[in-house]
There are 2 protein chains.
Amino acid sequence: MKKVTISDIAKIAGVSKTTVSMVFNKKDESISEETKEKIYKVAKELNYIPNFVAKSLATNKSFSVGIILPDITNPFFSEIARAIEDEANFSGYNVILCNTDNSVKKEEEYVRLLISKQVDGIIFIAGGESKKSLNLIKDNNIPFVLVDRYIDGFENFYGVFCRNYEGVAEGVEYLLNSGKRRIVFVKGPHEVEISKQRFEGYRDTMNKYNLYNEDYVFESDFTIDGGKRVTEEFIKDIDKFDAIFYSNDLMALGGIKVLLRSGYNIPKDVSVIGFDNIKISEFIEPELTTIAQPIYDMGKDSFKILLSVINEEEDIDRLHYYTPKLIIRGTT
Amino acid sequence: MKKVTISDIAKIAGVSKTTVSMVFNKKDESISEETKEKIYKVAKELNYIPNFVAKSLATNKSFSVGIILPDITNPFFSEIARAIEDEANFSGYNVILCNTDNSVKKEEEYVRLLISKQVDGIIFIAGGESKKSLNLIKDNNIPFVLVDRYIDGFENFYGVFCRNYEGVAEGVEYLLNSGKRRIVFVKGPHEVEISKQRFEGYRDTMNKYNLYNEDYVFESDFTIDGGKRVTEEFIKDIDKFDAIFYSNDLMALGGIKVLLRSGYNIPKDVSVIGFDNIKISEFIEPELTTIAQPIYDMGKDSFKILLSVINEEEDIDRLHYYTPKLIIRGTT
DNA sequence: CTGAAAGCGCTTACAG
DNA sequence: CTGAAAGCGCTTACAG
């Protein structure tokens, strides 16, 4: 029951470890067909499974990457993670999953762990002001790519982002064109960069038409519950509004729930618009109008970029920006 | 910029590698305070980060586990995965994520990969008749625990399951007590063991009251889309039904969508009941009545069990069965 | 066409 | 109280 190693194969096949290793690594141009066949035969007989840990130590390559994200339970992140894992697997890489709950402390712990495990790269979806973690990664020369949320001071590293400002602006224009004037905006948590960008898209567009009113702006978490709570609050505070722009779909879901319960008709009494286009948004009734990010593609590309950095390819585009697009559905 | 190793520390601190290793591994009862302090000081100065790959090779422990599941994008699995990762992280383990899309072939590839990477254990949510993969794991002496779906021939290994039969039976009894008679049942894919169990809970309960009618039974995938498609089908085929039992929540979501679109009032015209109690089920309108599994706990326990197997503890309960419970909400 | 030897960064009996 | 040496399972210049 002992694990079979390259030495066992070498011994039985009557060759050296070097030869066996060469064969398994396809550096076998100079090795006779006969020897090769013998080695493969013995390997099969013994059910040989190579030890990647030993290989990693010898080659300094682990074929593992880490993915650091706030919470895999959030459909936006699970879709990104799925895309990353698909692409990684396709390229022979494994993915180590790390949930941070937006805690900078947890991020740092995971970074240390991932470095210890000698990952070849890290995909990082920041939960806040994650500079310390990123510096750790950088100082250890680990390739990384930022996804979705960027971090001050790391604008010039690799990243995959969405034009949040433009996305929200487009949504607001659309609402205005539909005759809405009193548009509530629910911001995400202020520690996160994208919250700011999305808010500014709203503020500037409203200002353009002299309609901006600070009293219509609220802040909450990027969760269903966050959307519920904030909506419960503001529907008793402000007397009139004809549309609500939530900074992400999850919030919008929670908000819609509260609105329906409170007797609002959507979209007759109030229009609702979200951001992300997570899958569930088209399965609720009414279907959610939203600003769609190409979530799966963003995940996929983030791994592709990481891979080019790992492979030290030249002329890699450092920053990928996606333009989200408005998808009009039942809530507006 | 070269990586700093234990040898560097030893050299600078003027001690041997052995001593340094001892100190970092807390096998330091016999080492003088002075030496210890010196070593820690040097380690800090050099920003030493240990190399777990080397450690793994030496100790034959990787502190990584693999989690094999159909699709992380499915809220049921992402919640389980989250629980596992939380618990794993708490115990100093990392989690390698593997999406199989229910493909037995992908499962086997991942198993091989995980063995190569020397994982200490595997949590396996089977996508079908996964015997070959499980035998591979078993033959390589890797601890594993089955979650949610069990596999013929592996009943006596470690596992965390739900009493599917009883759960559905409870739901059906409840529908019958509410005066429903024509209860449609939507099965999951027949390759999956839990599909059968859930169906039998329905069939036997209906039979008990002489109400079982094969024409009311359909089969589809465990997805939103599966629920949509099957519902579109049967609402034109059967003329009268007063309740629908979907084998999971995702299907129910898709079904509800179609029903609402087709003008049915839920629950007035038709009651709907699901299975799982994924988070979203209480955020739709009307809220979904469902048979709740303790998803997070199941994930958590699966890792705990795995850990006891890894640590070769004695008297581990091999099989954990959870009794799901009916949660009555708006769709009934 | 193939092999001996050193090395990757750790741990761990064993010795003193 | 501490260290020299062997070993974990691979790879890889180098030599022949």
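This is a predicted model: local features need pLDDT of at least 70, side-chain atom pairs count only at pLDDT 80 or more; totals for chains, interfaces and linings use all residues.

Q: In which sense does β9(B) pair with strand β10 of chain B, and over how many bridges?
A: β9(B) and β10(B), the latter spanning residues 289–292, pair in the parallel sense over four bridges. Within β10(B), Thr290(B) stands opposite Gly274(B). Strand β8 (residues 243–246) of chain B also runs parallel to β9 (residues 271–276) of chain B, and three bridges join them. Phe245(B) stands opposite Ile273(B) in β9(B).

Q: What makes β7 and β12 of chain B the edge strands?
A: Each of these strands, β7 (217–219) and β12 (325–327) of chain B, pairs on one side only. They stand at the two ends of the order β7-β6-β8-β9-β10-β12 (chain B), an open sheet of six strands with mixed pairing. Neighbouring strands of this sheet are turned by 20° against each other on average, direction ignored. Helix α9 (residues 193–208) of chain B packs on the sheet, where it touches β6 (183–187), β8 and β9 of chain B. The direction of α9 makes about 160° with that of β6(B).

Q: Why is Ser16(B) called partly exposed?
A: A residue is buried with 20 or more other C-beta atoms within 10 Å of its own, and exposed with 12 or fewer. Ser16(B) has 13 C-beta neighbours inside 10 Å and therefore falls in between, as partly exposed. Its place is in the loop between α1 (6–13) and α2 (17–24) of chain B. Ser16(B) and Leu114(B) are 98 residues apart in sequence and 35 Å apart in space, C-alpha to C-alpha.

Q: What makes both faces of strand β8 of chain A covered?
A: In a regular strand the side chains alternate between the two faces of the sheet. On one side of β8(A) lie Ala243(A) and Phe245(A), on the other Ile244(A) and Tyr246(A), and all are buried.

Q: How do you know that strand β6 of chain A and β8(A) pair?
A: The requirement is at least two bridges. Strand β6 (residues 183–187) of chain A and β8(A) have four, in the parallel sense, so they count as paired. Val186(A) stands opposite Tyr246(A) in β8(A). β8(A) also pairs in the parallel sense with strand β9 (residues 271–276) of chain A, over three bridges, and Phe245(A) stands opposite Ile273(A) in β9(A).

Q: Which residues have the most contacts inside the largest nonpolar core?
A: They are Ile67(A) and Ile67(B), in a core of 94 residues. Leaving aside neighbours within four places in sequence, Ile67(A) is in contact with residues including Ala81(A), Ile84(A), Val95(A) and Ile123(A). A second, separate core of 70 residues includes Tyr202(A), Ile256(A), Ile284(A) and Ala252(B).

Q: How many residues does each chain bring to the contact between chain A and chain B?
A: Chain B and chain A bring 41 residues each. On the side of chain B that touches chain A, α5(B) gives the most, with six residues. The residues of that side divide into 20 nonpolar, 12 polar and nine charged.

Methods
Residues are numbered from 1 along each chain as its sequence is written. Chains are lettered from A and ligands numbered from 1 in the order in which they are written. Two residues are in contact if their C-beta atoms, placed from the backbone, lie within 7 Å. Ala, Val, Leu, Ile, Met, Phe, Trp, Tyr, Cys and Pro count as nonpolar, Asp, Glu, Lys and Arg as charged, and the others, Gly among them, as polar. Axes are lines fitted to C-alpha atoms, for helices over the stretch in contact, and angles run from 0 to 180 degrees between N-to-C directions. A nonpolar core is a set of buried Ala, Val, Leu, Ile, Met, Phe, Trp, Tyr and Cys residues joined through C-beta atoms within 7 Å.
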